[in-house]
Amino acid sequence: MKTLWLARHAHAGEAGPGVRDFDRPLSERGRRAVPAVAIRLKSREASLPQRIVCSPAARTLETAELFALQFGLEEADIQPEGALYLAGESRLLESCRQLDNRFEAIMLVGHNPAVTELLNGFCDNVSVDHVPSGGCACLLFDVHGWNEVAPGMAELHSFDHPSIG
């Protein structure tokens, strides 16, 4: 069994003059939201992420760091992956298939619309219009290796986002 925590970065600040989209940090609202979502998820999940893979954009990296802090992970447990910045659903799926099999539970932090598309693709019985900023789904796969994950194979175990709290 493999557990994928699929998250969208938390609410980001505006780009503003001279700030590239890649460099946009989280807003104060985003910084407050991630710990609250993480605490709620942590209270009902048995298998917490052992590793976090994320886009290297400032807002996704900061989101990953805030989740890691709540899950007791170290900075070394966060793996920025350049291909995840502005990746589409197919690239996210390919990244999932390349995850390290040493880890049973991994969090992937990315951007919309790909996060929403991947969630809906993995779960046949789920239809989410839009994963909100800071939203996180916990997906269960009955597989031995990450290379086996495919559309329609996941069971949605839980879903949380800042507006729920």
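How many salt bridges does a search of the whole structure find? The search finds 10 salt bridges, each a side-chain nitrogen of Lys or Arg within 4 Å of a carboxyl oxygen of Asp or Glu. This is a predicted model, where local features need pLDDT of at least 70, side-chain atom pairs count only at pLDDT 80 or more, and totals for chains, interfaces and linings use all residues. Residues are numbered from 1 along each chain as its sequence is written, and side-chain values use heavy atoms, with hydrogens and water left out.

**View 1. Asp23 pairs with Arg20.** The closest N and O atoms of this salt bridge are 2.9 Å apart. Asp23 is partly exposed at 36% relative accessible area. Arg20 is exposed at 52%. Buried means under 20%, exposed over 50%, partly exposed in between (1.4 Å probe, protein chains only).

**View 2. Asp160 pairs with Arg44.** Their closest N and O atoms lie 3.1 Å apart. Helices (H or I, at least four residues) and strands (E, at least two) are DSSP runs, numbered from the N terminus. Asp160 is buried, at 1% relative accessibility. Arg44 is partly exposed, at 40%.

**View 3. Glu81 meets Arg91 in a salt bridge.** The N to O distance is 3.2 Å. Glu81 belongs to the loop between β3 (78-80) and α3 (89-97), and Arg91 to helix α3, 10 residues apart. Glu81 is buried at 17% relative accessible area. Arg91 is partly exposed at 26%.

**View 4. Asp21, Arg24 and Arg59 form one network.** Salt bridges with shared partners join these residues.
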